[in-house]
Amino acid sequence: MSENKVMTFIDPYEDVVLEDVQHAMDMGFVTLTEIKNFTRAGMGIDEGRMSVDLVVEELAKYYKVSAAKVMKPSFRPPLEPVSVGILADAHKKWLAEGGRD
Amino acid sequence: MKRSYDVIIIGGGIIGVSIAFELAKRGCTDVLLLEKDNLAAGNTGRCMGGYRQQWGSDLNCQLSYESTQIFENMNEYTGFKDKISFKQHGYLLPAYGEEEWELFQKNLSVQHARGIKSYTVDVEKEIYDYIPHINTEGMKGATFCHEDGYIEPICMTLSYAYGAQRMGVEVMTHTEVTELLAEGGKIKGVMTTKGRFEAPTVLNCANGWAPALSAQVGDILPVYPERHQCLITEPVEPLGANGTTMPMVMVFSKGIYAQQTPYGAVLLGITPKNEPVSVNQKVSWQYLEKACYDLTQLLPVLRKLKILRTWGGQYDMTPDGTQIIDFSEKAKGLVNVCGFSGRGLLVAPRTAILVARALCGEPDDIDINMFSAKRFETGDLIIEPSIV
């Protein structure tokens, strides 16, 4: 990579840059999910909050459609990262109260 | 638009694309692969990507051993230039109780006969050289194979698809097969959301959706979906010994399996109990809590990790837990390849070779007919003792 090259980050958590997304679209991927699977954009700790809209914009530009036409992903639980320990303790409590697996 | 092909493959999961690749490699390049969504959108993309060779039956040892040889050289094999995240960091299988330990010893001799480099690990001391923070309470012993590990399922699917396309196979995504067209006991082609395509040979590799398609020509396949749920944590420093990623730990008796991916995230899966038969891709909070509890019992050090995502997917189970490769008698030319029971990814390379050889009339040392769905009537079941 030349020294003067500017890197545009799409997903700083997964080190995905604009070129990666363009490469994915050049390979023929048309949906956000496909781009995510191939580049990992949106799989970082922010769960795509930063990258989704940027990828949508790139898709719209590349395929010459309005950004409103690009399907966005659904959010799945947990909405915020939650620690393994907190959930483990919830089950421990459930067992202590007589719950069964 | 071209409407007629030699072979049509239904399903862009790992089974479909690998067969397409192997067919093309043998000169059969007039192939159309149809996928209703994007490649690996079904259960291939939902799996955890673990693969192992530590099986209890000779058949699975052979399939997984020979598939692993291909995994090791995946990029060269298909010509795919992008990374496929392949890592041989091993599988650790702890045994709880005398009975399980005896089974594992027996499995080892089956594995060694196939050249698989698995061995026993002492749980008093040696085990910490593999996973430093493991809780060994109740463990009788463990086996390990360092050539088992992780392969990114989506990239592997793309890799095969790329290789197949390079040789002339046509891959059509976002095209759903709505009907199998049969006439006079022979398959003629398929009807899709993009119109009719014809071929004298149709491969039904639609995984959990395969039985509904084959039923249209009267083939009843005993394949039913079983929900498994997964979670993934934030990426962290390597958790294995000596700065390596944590190998897969798989506890059969508790139905729990966890490993660290090459980029640091911890993946955890759990085998459900009393799960109703349904295509359910959601995750329940009960599962999350129980999975975290079981995980922290085994690896208390993981308590502080944060969970990023959860998802569900289906194992396409058969009554004996082994795949069906069935040459239809009601519609000649139709081949149903499904029911991999959660092992599709790790046996795909070798199974694809088996199917492609059969279709191209080449010999193979595995008898493809043993996978026929007729075995459920005759009782010649193929049983694997070590499944999770």
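Residues are numbered from 1 along each chain as its sequence is written, while chains are lettered from A and ligands numbered from 1 in the order in which they are written. Because the model is predicted, local features need pLDDT of at least 70 and side-chain atom pairs count only at pLDDT 80 or more, whereas totals for chains, interfaces and linings use all residues; side-chain values use heavy atoms, with hydrogens and water left out.

**Exercise 1. Describe the build of chain A and decide whether it is spread out or compact.**

Step 1. Chain A holds four helices and three strands, where helices (H or I, at least four residues) and strands (E, at least two) are DSSP runs numbered from the N terminus. Their order from the N terminus is β-β-α-α-α-β-α.

Step 2. The radius of gyration is 19 Å, well over the 13 Å that the globule rule gives for 101 residues, so chain A is more spread out than a compact globule. Here the radius is taken over C-alpha atoms, and the rule is 2.2 Å times the number of residues to the power 0.38.

Step 3. Along the principal axes, the C-alpha atoms of chain A fill a box of roughly 60 × 35 × 20 Å.

**Exercise 2. Work out the corresponding picture for chain B.**

Step 1. Chain B has nine helices and 20 strands. Its radius of gyration is 21 Å, close to the 21 Å that the globule rule gives for 388 residues, so chain B is as compact as a globular protein of that length.

Step 2. The box filled by its C-alpha atoms is roughly 65 × 40 × 40 Å along the principal axes, and 60% of the 388 residues count as buried.

**Exercise 3. Explain how helix H2 of chain A is enclosed, and what follows it.**

Step 1. Six of the eight residues of H2(A) are buried, so the helix is largely enclosed by the rest of the structure. These residues are A:Leu32, A:Glu34, A:Ile35, A:Asn37, A:Phe38 and A:Thr39.

Step 2. They pack against strand S2 (16-17), helix H1 (18-26) and H3 of chain A, together with helix H5 (153-166) of chain B; contact means heavy atoms within 4.5 Å.

Step 3. H2(A) is followed by A:Arg40, which lies in the loop between helix H2 (32-39) and helix H3 (51-63). A:Arg40 has a positive phi of about 75° although it is not a glycine, and at 16% relative accessibility it counts as buried. Most residues other than glycine have a negative phi.

**Exercise 4. Locate B:Thr175 and list its polar contacts and neighbours.**

Step 1. B:Thr175 sits in the loop between strand S9 (170-172) and strand S10 (177-183) of chain B, and at 0% relative accessibility it counts as buried.

Step 2. Its side chain reaches the backbone oxygen of B:Thr173 at 3.0 Å and makes a polar contact with the side chain of B:Lys194 at 3.2 Å. A polar contact is a pair of N or O atoms within 3.5 Å; within protein, one must be able to donate a hydrogen and the other to accept it, and residues adjacent in sequence count only if both atoms are side-chain atoms.

Step 3. Leaving out residues up to four places away in sequence, B:Thr175 touches B:Leu34, B:Glu35, B:Lys36, B:Thr192, B:Thr193 and B:Lys194.

Key:
Buried means under 20% relative accessible area, exposed over 50%, partly exposed in between (1.4 Å probe, protein chains only).
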